Each structure stands twice: as C-alpha cells, then as structure tokens.
Amino acid sequence: MFQNRAEALALALPAAVFAAIVFLAPVVILLAEGFRSADSWSLSAYTTFFSDPLNRTVFLRTFRLGLMVTVVSAVIGYAAAFAIVNLTPRNKGQMIGLVVLPLMISSVARTYAWIVILGRTGIVNQALQLVGLSDEPIRFLFTETAVFIGLLQLFLPLMILSLISALENMPKDAIPAARVLGANWFQVFFKVILPLTKEGLVIGGTLVFTGSLTAYITPAILGGSKVLMLETLLYQRVTVANDFVAASVIAFILIVMSFAANLLLKRLATARNKR
Amino acid sequence: MTPRIFTPLVLFLVIGFLIGPFFIIVAASLSGGETLAFPPQGFSLKWVAKVFTVESFQESFAISMLLAIGGTAAALVLGVPASYALSRYKLPFGETIRTIVSLPIIVPGIIVGLALLRYIVVPFGLNITLTLFLAHTALVLPYAVRVVSASLNNLRSDIEEAAVLLGSSRAGAFFRVVMPNIRSGILAAFILGFVTSFNQVPVSLFLSGPGVRTLPIDMLSYMEITYDPSVAALSALLAFMSIGIVFLAERFLGFSRYV
Amino acid sequence: MKKFLLASSALLLVTAPAVSAQEKTLTISVYGFAQDAFKELVYTPFEQKCGCKLVVETGNSVERLAKMEANKASPVVDMAVVSMADALSATRADLIEKIDTSKLQNFNKLYDLAKDPNGDGMSVGYTFYATSIVYRSDKMEVNSWADLLSDENASHVAFPNVTTNQGPPALYMVGEAIGKNTPDLKEAIAAVGAKKDDIVTFYVKSSQLVQLMQQEEIWAAPIGRFSWEGFTKLGLPIKWATPKEGQTGGMNVMVLTKGSKNQDLALQFMDFWLSTEIQTALAEKLVDSPANKDVKVSPEIAENLTYGEETVKNLKLIPSAVALDNREAWLSEWNAQVGQ
C-alpha cells in the first residue's frame, strides 16, 4: 500500500472529475428539473404525472413486466444453471460460451428476430396451427406478450451467469447431504439451494429487473404505442412534446425503481440469512 | 425427473431460446424475397450485398467504430490510473471516487443521453460527435475500472514495492513491472468496452444530429422505413464480428474470467 | 499499448470536428419515406447544381418541430418540411422565418392553395395528399370510415396515432361516419377507444405499414396518398377506398428556420424542389402529388395521385388554427380513451 495521497489523487481524479462533469452533473440537473416549478421546489410535476391515468398505466405495466421477467428468468435460470454446473468441465465451458454469446450481439438484432418469429405468418403461429393448438393466427406483435418474450431473451443470460457462479460456490456436498437426510427436491431447493445461492439471485435479479425497466428497443419495436413502457414514454414525451419535466419525472422514477429493487433484494437475502 | 433427462432437455430449450433467434436472423438475411420472412423465400446474397451499398450504414458504421475504439481507449487512459490508485494507494475518498466512476453503469442510458443533449449539447453548442465520444467514454469507464481493478487485485503488490525499494521510480515500476502483468486484463477491458459501446442504444438515442448517428440508431431508423432483409443481414454481419472478436479474445486471453 | 490508446483518442478528437466543417452544407429535415427516390430525383441533382452538400435528417413532423424547438438557440436545420398545422405552430413558437417568395421563381406556378397555406407568409405548400383507407380487397370491404371499426375488421386495422399527420384527419372522418363530428373529435376518439384492444397498432410512422400488410399483420389502414406506392408493389389484392363520407387529406409545406445561416441556399433548394421538372419527376414516381400546376402527368399516374385543382379543392382539410387550438385537448382525450 503506497501512502502518497497527492500521487493517489493525481491518478484517480481525472477519471472521477470526468465522470462527474460529463455524467453526474447533467443527470443531477435533469433530475432536479422535475422538482422545480415556478422557481421554487415542488412536487407538482409528480402529482401531475401520476394524475394522468395513462402515466399510471405505463408505470404499473413497466413494474409488472419487470417483475414478471425477473421471476420467470429466475425460475428458468435456476434450471439452466443447475443443468450447466453438473456438466463435465469441457461441456460446461462450451455451454457458458453459448449463454454469453447473445450478450455480444446487438439488442437491435436480437429484438428484430422476434418480428419474424412472432408475426401472424411467423414460425410460432405456423407451429401452433400445425399441432392444432389454434385455428387462426394469434396476434403477438404489439402486445405485452411480445415485449415479455423479447425482454426475457435479452436478460436471461445475465441471470443464468449469476446463478452459475453462485451454484459453483456452493459446498459440493450440501445437496447429497440433504438428500441423505430425507429431504425431497422441493425441500432441497428451498432449504438448501436457495439460501446458499441467494447472493447470485440478488445480483442476477437486480440486473434483469433494471435491464427490463430501462430497455428501449424491445418495447419500441415489439410493443409500439400500444404497449408503452416508462422508457418509451419518456422518449415519446420528449420527441413529441418537448416535455422535459415529464422526462425528468420518469427518469427519477426509473432510477428510484432500480435502486429500490437492489435494496429490497439485498434485504430479502439478509432476512433469510438470519433465520 | 432424473438429471439424465432433465439436463439435456433444459439445456436444449434454454439455449434454443437464447440462440435460435440469431439463426433465424442469419437465415432471413439470406432470403431471395423482398421482405423479412422465415423460412426464407429462396437463397440469395443480395441483401448482404445491399448492406455495403447503403450510404448511411457506411457513415454510421464509421462513427460507431470511432466511438467504440476511441471511447474505450479514452476510458482506459482515465481508468487504468484510477484503478491503480484505488487498489494500491490509501486514497482519500476512495469509495466516493469508485462510486462516481461506476455510476454510468447504474443510471439508465436514455437519461444520460437526454441530460447530455439538454445541458451540454444545447447550451454549449457542443458538436454531436464529440458529445457521443464523451458519453461513450463515460459509459465504458466503469467496465474499464472494474476489469482492470480485478486484474490488479490478482497481482501481488509486493513486486512493485520491491522495485521501488530497489531504486526504480514509481512510474518506472508501473510501466516495467505492473503493466506487463495486467496486459491481458487491459485487453479484456478493451474488448468488453468495445462491444458495450458498439452495441449501445439508449445513450445515443437522443444524441443524433443530421448526418450523425451511431450504427444501432441508424438501423432503428432504417427499420422505421422498411423491414427489408438488409437490416437482418447487417445484424448478422455485426453479430459475427462481435462473436469473432470475443472468440479470439477467449482463445488467447481466457476472456470470460473478466466478464 | 498506452501510446496506441493516446494516439487513437487524439486522432478522434482531431477528426471529429473536421468532418462537420467541410464544404458548404445545407441541412434539411424531411419525412422518412421514399428517401431513395428523393435522393435520386432531388438531393443529388441539387448537390450537383449548387456545388454544395446536403445533409438530410428524417423523422415525422411533430418530432422535427420538437427538435427545432430544442435547438432554437443554435439552429441545426436550415430548411424543413412539416404539416400545415405544424407550420403554424412553428410560427407561433417563433421558430421560422418569413419566406421571401420573390426569390422563388416557381412561386407563381403553384396552386393558389399552396402559395400561403396559413395566410401568414411563413410557409409554402409543396405537395397535397388525400387521406383514405388502403385495404385488402379479398379480406374485407370498405365503403365507409366506420367500416374500420366494425367488429369483424377492427382487429386487422392499424390506425394512425393522434400525434401523426394522418391521425386527426382520420378521426375527423370517423366522426363524420358516426354522425357525431365536433372539432374536439371527442366522439370519434371514443369510438376508436372502444376498439383499442382490437386494433393492431396505433402507428407513428406510416413506412412500416407495408411490411405489416405483407406479413398479414393488418388488412387495412388509413394512410396518406404518398404512402400508396409501396403497397402497389406487394402483389396482393390491395385497394384504395373511396368511402361514402369522402376522403380527407392534408398539405405538406416548406419552412425556413429562423437564425439559419444558409437562408439563400435554402431558398434555392425550395425553388428547385418546386420546379416543374422536379415536381413532375416526383409525381411520375408516385412519391408526392404536385403543388405546381404546370405539372402534367398521364391519366394512369394521375389516378394514383392527388392530382388536379378540383381534387385538391374537394379535400376536407382541417384548418391549421383549428388543429392547433384543439391539439392539446385531442391528445389528452386520446391518452384517456385510447392510450391506456
């Protein structure tokens, strides 16, 4: 450990000052704008925002979709991560590679694919009709279902990767020990696996939830103006009406939701720990 | 269900869900038809060829490349010394500094883009390209600090302390002893930063001007005009580029340790 | 490594400003459709003529206006095309400059309606369009605007968002059809709202409709005549409706940004675009219907356009002032009835 403080600051400050000026200051000013009204501090922008039923709907929808994507990705994530950690090291490496791969592809391309897949004449509808599950094409595009599927595909890898590293750090004999003691798989999961991997779940959950809240492309392309989410609403308010106050309100809500999700999940993790 | 059936079934479904759309994009881009469709109508390379003739794609590709390379390089120039200070020095306000440089990863990109447009571009008349460069640098900075810090923490600090005791200058010790050892970490940070910046959408959404936009934004606005398979072809080409870079990085660096 | 990094970032800083400070440039902001045709017929010939560079930004009318307002202090765009109502809105917001029509040689060739659409000398019309319904004639029949909202049809319809140019005219005609037409469009919006779950999407950019039609995602949509051409190429049985309530429509106009440093060049460009030669070329490609009355086209072409003084006079245009004064109310009504 070097002790020279001046030298330390000289090394670290350029980065900090840069981030503060280019990033922190403009964002703080933007957020402050939502609390100003007629030259004084006020919450009126927030009451106005929430008094509009459309805004409330969009807020609730964003929250709901974020939550659903997080929960479903946790369920699938556990199954997938569990399957992957039990592979031979060589296969495991390949599988992890396949999970990481989509993260390296532009979200524009990944979302774009769903237009083809989910269209009325797309393969999902063709398959459903082929097996006789539906007589006529089901409409997916411009629905919450399409946005949900798009978001899930976008963020599932983050959950799987977080859970893989959590499962790997779990004591190897924990599950066999519980099984020997007569626990069924249900008990093993809730009494052993979940408590021991909750940190991975918290990290993955936060990444997926905030990712879903702040995705723009997916709701824009797969949802359109019928399935507005906070992010697309913000864009619309700015481009259609120059409404920077509403934009600031939405920005603040998004940030608060992300931080709250983070805190809540952490709290849940520690609460279980004490028991 | 026994693991013997469970494992392959789950993996098949999950990996299919994650990777499947990518194959559809590739197939659709090789279509001979006029619109995006799967299964593709006939085979042709005409849409792949068209990608290279669309002028705006060429311009926005150049801008995105410039931002991804330049922005990541700048983030490393700022981030490497900061990481060094954070891991090797008793740094006053160390935690505050660490939080400030990692904020851009937490705050939604669309807000950053809007804030920059409103309080930097408009009042100061700053050039859009330059603003994009600053934004992408800030965006990559957290990754740079995180990855480089990780590789510094894996390196024993007594080597450079020894070098200093033996009469080397602090800077000399850094360049001769530390740098060679964290080179692969820096390269990993560079690749991660490059991919992040290149694929970035929300930050750049508001930061576009006449004739200046990043490639993903350009693809979005192209899609508003037509869904013809050329965007699929471009997506596929870009994906292969990213995969190629990551594959090489993994091959030579064991890149996934750092992600 | 470090040297390379420094060098490449320095390179970026040097080249970035240089790119924008090239030769003489004119920046225009236009609608995003048919840009290939515009490039070939308008932009490139103009660049050759003026020896300058055209920078083109695309987007819809409202977005363009919002951007002009955001950049009011230092305008980015020199010349823009917007809807009639948005031109009036820009005038009120003090974003545009009076057009010196004496510098437009082709001004006197324009239809009277296009010479000064809002009566304030701030804009010049360059194209008219009828708004009606494009539909799959094998799947449905459209005789009235109300047919869009029928139980069988609504779930195959894309309706224009109220913020687009086509939104208010389409709502206006729906109001006519249900016999409850008032300037606040209240009943029409309620009628659309009642079907909001059925209607496929409330589109913002008409350019994606061709793909949606091709994918059979939709069977019908109200569109401006300028979007028609793309549908004719699909090889599907697609018709342009002539509803009994009539067709509505609009006019797109050119405006000059206040504080632009290239006003003369912008005027030259406007004049070029309004010339008989260019207007004829755009008409023949079915891109834009002419506002220049000297343009003569064949009957087959005319059939696919909004062509001729009589046709133009019969369009039920919403006056700009009415549109502007009601816009806020429309939007909040829309958000309440349709948006959620």
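Student: Which residues does the disulfide join, and how should I read such a bond here?

Tutor: A disulfide is a covalent bond between the sulfur atoms of two cysteines. In this predicted model, a disulfide (a pair of cysteine sulfur atoms within 2.5 Å) joins C:Cys50 to C:Cys52, with an S to S distance of 1.9 Å, and the structure holds one disulfide over all chains. Because the torsion about the S-S bond of C:Cys50 and C:Cys52 is about -80 degrees, this disulfide is left-handed.

Student: Is C:Cys52 buried or exposed?

Tutor: Buried means under 20% relative accessible area, exposed over 50%, and partly exposed in between, with a 1.4 Å probe and protein chains only. C:Cys52 is buried, at a relative accessible area of 6%, whereas C:Cys50, at 23%, counts as partly exposed. Across chain C, buried residues make up 59% of the 340 residues.

Student: How many helices and strands does chain C have?

Tutor: Helices (H or I, at least four residues) and strands (E, at least two) are DSSP runs, numbered from the N terminus; chain C has 14 helices and eleven strands. The radius of gyration of chain C, taken over C-alpha atoms, is 21 Å, close to the 20 Å from the globule rule (2.2 Å times the number of residues to the power 0.38), so chain C is as compact as a globular protein of 340 residues.

Student: What conventions apply?

Tutor: Residues are numbered from 1 along each chain as its sequence is written, with chains lettered from A and ligands numbered from 1 in written order. Local features need pLDDT of at least 70 and side-chain atom pairs 80 or more, while totals for chains, interfaces and linings use all residues, and side-chain values use heavy atoms, leaving out hydrogens and water.
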